[in-house]
Amino acid sequence: MSETPASVSRKPRAERLLESGLFHARWLMAPFYVGLVVALAALMLVFAKKLLVALPTIGSLSAEEAILLVLSLIDLSLAGNLLLIVIFSGYENFVSKIDTANHEDRPSWMGTVDFSGLKMKLIASIVAISAISLLRAFMQLSEGHGIEERSLYWLVVIHVTFVISGVLLALMDWLAAKVDRH
């Protein structure tokens, strides 16, 4: 049952003030998203540094070394994408809508990713980042670089854990969608 303006005005003043304060408390999340923008800038600097350090040696890289460089850059790019998704979706879901006035560059998913969708995008990105780290370790192993067996074991265990977590989260969302809402 939705509240009409008449029923709202019948609430005690203290209750209206409390509810208003709680509603406005969502703005306490805004500095978190600003902090994530700073983290995105830091990630961009790491990406640029890695690329600039590698550029002079591009001609002398072996195929495996080039692939490892590309995987590292993709890994950083995926982390940046993940940050952007969390910033936009989190801000729009929990703080306020971002008014872009239908800007042509507005991502199509903006404003449509709910908490469940955000959770799935987050776990998918984590699985992809984990897979790239695992692939990088296997590439280093194939190049003859010494990787401790224990480290490789933990990379596989962590990746499988992320994959299983993702499947379980998707299953929970699917089951929740099947349940009648009351």
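1. First, the ground rules. This is a predicted model, in which local features need pLDDT of at least 70, side-chain atom pairs count only at pLDDT 80 or more, and totals for chains, interfaces and linings use all residues. Residues are numbered from 1 along each chain as its sequence is written, and side-chain values use heavy atoms, with hydrogens and water left out.

2. What is the chain built from? Helices (H or I, at least four residues) and strands (E, at least two) are DSSP runs, numbered from the N terminus. Along its principal axes, the C-alpha trace spans about 75 × 35 × 30 Å.

3. Now for the surface. Of the 182 residues, 22% count as buried, where buried means under 20% relative accessible area, exposed means over 50%, and partly exposed is in between (1.4 Å probe, protein chains only). The accessible surface comes to about 12,700 Å², and carbon and sulfur atoms own 69% of that. These areas come from the Shrake-Rupley method with a 1.4 Å probe; for residues, only the protein chains shown count as cover.

4. Next, contacts, meaning heavy atoms within 4.5 Å. Among those between residues at least 6 apart in sequence, 68% join residues at least 24 apart.

5. Have a look at helix α3 (residues 30-54). The expected span is 1.5 Å times one less than the number of residues. Ala30, Tyr33, Leu43 and Ala54 are buried in α3, and the buried residues of this helix pack against α4 (63-94).

6. Leaving out residues up to four places away in sequence, Ser72 touches Lys50 and Arg136. Ile85 is also found in α4 and is buried too, at 14% relative accessible area. Which residues does Ile85 contact, leaving aside neighbours within four places in sequence? They are Gly90, Trp109, Leu118 and Lys121. Ile85 and Gly117 are 32 residues apart in sequence, with 10 Å between their C-alpha atoms.

7. On to α5 (residues 115-142), where you will find Gln140. Gln140 counts as partly exposed because its relative accessibility is 29%. Not counting residues up to four places away in sequence, Gln140 touches Leu68, His145 and Ile147. Met120 is 20 residues from Gln140 along the chain, and their C-alpha atoms are separated by 30 Å.

8. Last comes helix α6 (residues 149-178). At 1.5 Å a residue, its 30 residues should span 44 Å; the end C-alpha atoms are 43 Å apart, which agrees. Leu152, His159, Gly166, Leu169 and Asp173 are buried in α6, and what covers the buried residues of this helix includes α5.
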